[in-house]
Amino acid sequence: MNAPARIAVDTKKLNDALARFPRDRAMSIAGRAVGGDGEMIERSSPAHGVVVTRIPRGRAEDARAAIAAARLAFDNGPWPRETASNRARLLLKTADLIDRDRELIAILDTLESGKPLAQARGEIEGAADIWRYAASLARELSGESYANLGADRLGVVLREPIGVVSIITPWNFPFLIVSQKLPFALAAGCTCVVKPSEMTSASTLHLMNLLAEAGLPEGVCNVVTGYGPEVGAPLTADPEVDMISFTGSTRVGRAAVAAGAATLKKVSMELGGKNPQLIFPDADMDAALDAATFGAYFNAGECCNAGSRLLLHSSIADEFIEGLAARARSVKVGDPLDADTRVGAIITSDHLGKIEDHVTAAERDGAQVRAGGGRLESSGFFMAPTIVDKVTAAMAIARAEVFGPVVVTLSFDTREEAIALANATDYGLSASVWSRDVDTAIGVGRGVRAGTIWVNTFMDGTPELPFGGYRQSGVGRELGRNAVKDYTEEKTFHVHTGPRTSWWLPRGA
Ligand code: NDP
């Protein structure tokens, strides 16, 4: 089945979804609903072309007010001094409330981002699981003690919350990404200011309602909405902020690190990727084809973890590309509210244009489009699942993060060539290796410089395993057993007992 000539949307389903929530939202600062100066930003569904939400256009003074509220809640409020069991209880209650409101949160993310509703439901379910994992870590957080320093000395290392954390999130996984940060910061005892993308703020604002319902004290978590340069930038530069946790583009991540450097803030950065999927001739080809299709087109490729570079052993390259092209043509692109849609809409018209430009430039460079290649006719923004073949490592499309449903194919003959190709970008977020041979799978995986290596699978994730990138894919890791520790400082207690040897009197005096 080829992609339909025109993507149709179901107006009844859209109206049913819109009937479930009010259009207008407010920011949340110090426990109060704040409207800013009255100017609103409208968000239209990229699939349906109708306004679905309106949020206040926050300004720098709103960001400063939110930081001040978080500072006050940290310096004087109960949250940083709360017991771990009470913090964990609140996180668990929040997880239950997320489960209760799963359908609504999924609808908000779907309408604002264009992602398939069935997929969004899975993301919200996964997010609730992360809140529960953070609750378990809250109670495990502890420092160290040293009783081996001598009879008159004791060393104790405390873990204290780092302070006020700015959390800045993108539009591709609005609820999931804030859930990879916020519960761990709260588990540590930090207070926060969250700035979601202005295109996808509704589910984060709904989360604030759930936190209030769960009993989070005022000012512990604040949300400012608006544009990056207006409200995001102050969150990265303000001296009252202790840490920045950012997910988004490498370009803005770099600016956030630079802004935070003036006051030496701790940073956690989850940035871009150009992730290779390496397919060897002894792989299970059906499984590899299925995963390659999923890796390329999941979330319309708007995914830092997208498997956007397919590195194929030359002996299987032609056959594999034919199989992939057949799948690319049969993936269901369509209305995100349809149960069987796998690829929804692209976030904006501008972004769709940029994706097309990448493909056109690659063709100019000598690459060949084997499936898709451009937009689909629709009142929304849809792109056909695309394969760009005959790509070389020197071409721009082999290195740039396209962030759309576009996979490029390159080929190799030896393991060494495969590793060199895999490492031939500035990124290092993730990679997958497909081979039944343990030497190949492990040997190649160890050679690739990336934060996650999947072997014979793709994009599996679980809160127990750390996630983050090498090189320009980021700084630090999220999730995993250290996820709460990342939001703490160490404080050393050096205790002396009994008489202390004098510094200025001679020994024995
Ligand atoms: P950005 O990096 O621009 O946006 C991420 C977040 O940072 C948003 O909340 C944004 O706000 C905010 N922001 C923007 N400017 C500043 C600033 N000066 N200081 C602080 N915060 C700021 O990503 P885009 O949404 O523009 O996407 C562009 C590209 O980034 C994509 O094409 C893709 O390549 C990559 N990307 C990577 C993601 C990932 O998961 N690693 C996620 C999203 C994008 P606002 O939305 O208002 O600009």
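## Pocket

A molecule sits in a pocket if more than half of its atoms lie within 2 Å of the grid points of that pocket. In this predicted model, the ligand sits in the largest pocket. The elements that give two or more residues to the shell around the ligand are helix α9, residues 228-237, and strand β10, residues 243-247. Helix α9 provides three residues, the largest share of that shell.

## Shell around the ligand

There are 26 residues around the ligand, and those that come nearest are Trp171, Glu198, Ser249, Leu271 and Glu401. Sorted by class, the shell has 11 nonpolar, 11 polar and four charged residues.

Two domains take part in the shell: domain 1 (24-39 + 53-271) and domain 2 (276-455) each supply at least three residues.

Which distances separate polar side-chain atoms from oxygen atoms of the ligand? For Lys195, a polar side-chain atom lies 2.9 Å from a ligand oxygen atom. For Ser249, the distance from a polar side-chain atom to an oxygen atom of the ligand is 2.7 Å. In the side chain of Glu401, an N or O atom is 2.7 Å from an oxygen atom of the ligand.

Taken alone, the ligand exposes 860 Å², and the protein buries 85% of that area.

Conventions:
Residues numbered from 1 in each chain as written. Predicted model: local features only at pLDDT ≥ 70, side-chain atom pairs only at ≥ 80, totals over all residues. Heavy atoms only, no water. Near = heavy atom within 4 Å. Polar contact = N/O pair within 3.5 Å; in protein donor to acceptor, adjacent residues only side chain to side chain. Areas by Shrake-Rupley, 256 points an atom, 1.4 Å probe, with all protein chains shown as cover. 1 Å grid on protein atoms, 1.4 Å probe; cavity = no way out; pocket = protein on both sides within 12 Å on 5 of 7 lines; lining within 4 Å. Helix = DSSP H or I, 4+ residues; strand = E, 2+ residues; numbered from the N terminus. Nonpolar A, V, L, I, M, F, W, Y, C, P; charged D, E, K, R; others polar. Domains from an automatic or database assignment.
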